[in-house]
Amino acid sequence: MNIQDNTTMLFIVTSKDVVEERFFSDIAYFIEKLNGKVNDVTIITNEDAATIVSKYIQLSNAIFIKETEALSTIERINSENLFVFVNCHGSLQDGIDCSQNLRPYPLTCAIKKSRAKNIIVVLCQCFAGMYSNVDLNCENKSIVYIGATGLHSSISMNIPLLQINWSANISLIAVAIWLANPIDVDGDGVFSVIDLFMFLSTFTNEITHFLEKENNKSLAESIFSYYQTTQTQSLPVVYKLANEYMPNYFVPHQFTWIKKNCNPAKLIFEDLI
């Protein structure tokens, strides 16, 4: 595969209501991070294209398509390689937050009908695990689904180390980082989809581990602060304080997964070598 030629990057940024601006910030970061490697970008959204481009110059060359044409657009893609990134909200009821039906079966049917030969679908939304049991069998087509998480929430957050000051989807950020500076994780001398998957999994795990440590640190600090203020070590008081804190305690686990009808180690990014 060559991501600079004969490749379409399609982003699904949809909502039954109004799309949060942060999702477009993620895409702008993605395109800027790849620094000219992405030439064909399509964005599925009902948001006004002119308004989005006025805020994100990185998206000025993107093609904007309305949600009603989401599935038919996927089917009509003429590029040899197709990347589909779902970067919006998700739920157990809808799969992908959209005014149209983009649940696992209709989305996968459109993917199979696409004219693209190699298709990589990265599902960054909450409850992405809904798409992990679809049938990807399809002749003369290599399809890989990568899910950011199972049947629970995906994570978005500020990442000061990367100068990301909005609540960014950590899985999409991971893909951008790897494509910009790929790592040969399995040591076979090439950069492939399986390397991308393993990097994405490691990156998101490191962030979730960090978040959990921060949660534990905050709990410990609040208890210690209470000790300092009251000079008491009453165990019932500690339990009471912990119970008051726990409703806001966030368990930041993501279980990345991969589903495919081919060997992802053989899907090689030739122009990244």
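Reply: Contact here means heavy atoms within 4.5 Å. The model is a predicted one, and the part examined is strand S6, residues 142-147.

S6 is mostly covered, with six of its six residues buried. Burial extends to both faces of the strand: Ser142, Val144 and Ile146 point one way, Ile143, Tyr145 and Gly147 point the other way, and all are buried. For comparison with the whole chain, buried residues make up 52% of its 273 residues.

The pairing of S6 involves two other strands. Strand S5 (residues 118-123) runs parallel to S6 and is joined to S6 by six bridges; within this pair, Ser142 of S6 is the bridge partner of Asn118. Strand S9 (residues 257-260) runs antiparallel to S6, with four bridges between them, and here Tyr145 is partnered by Lys259 in S9.

These pairings belong to an open sheet of seven strands with mixed pairing, in the order S3-S2-S1-S4-S5-S6-S9. Its edge strands are S3 (63-65) and S9, each of which pairs on one side only. On average, neighbouring strands of the sheet are turned by 15° against each other, direction ignored. Elsewhere in the sheet, six bridges link strand S1 (residues 7-12) with strand S4 (residues 81-86), and this pair is parallel; Thr7 stands opposite Asn81 in S4.

Helix H4 (residues 104-113) lies across S4, S5 and S6 and runs at about 145° to S6. The chain as a whole comes to seven helices and nine strands.

The nonpolar packing can be set beside this arrangement. In soluble globular proteins, nonpolar side chains tend to be buried together. The largest nonpolar core has 58 residues, of which Met9, Phe11, Phe30, Ile43, Phe85, Leu179 and Phe269 touch the most other members. Apart from that core lies another, of 29 residues, and Ile143 is among its members, as are Val84, Ala116 and Tyr131.

At the level of the whole chain, residues 24 or more positions apart account for 74% of the contacts with a separation of 6 or more. The chain exposes about 13000 Å², of which carbon and sulfur atoms supply 51%.

Definitions and conventions: Residues numbered from 1 in each chain as written. Predicted model: local features only at pLDDT ≥ 70, side-chain atom pairs only at ≥ 80, totals over all residues. Heavy atoms only, no water. Core = buried A, V, L, I, M, F, W, Y, C linked by side-chain atoms within 4.5 Å. Buried < 20%, exposed > 50% of the residue type's maximum accessible area, 1.4 Å probe, protein only. Areas by Shrake-Rupley, 256 points an atom, 1.4 Å probe, with all protein chains shown as cover. Pairing = 2+ DSSP bridges. Axes fitted to C-alpha atoms, helices over the stretch in contact; angles between N-to-C directions.
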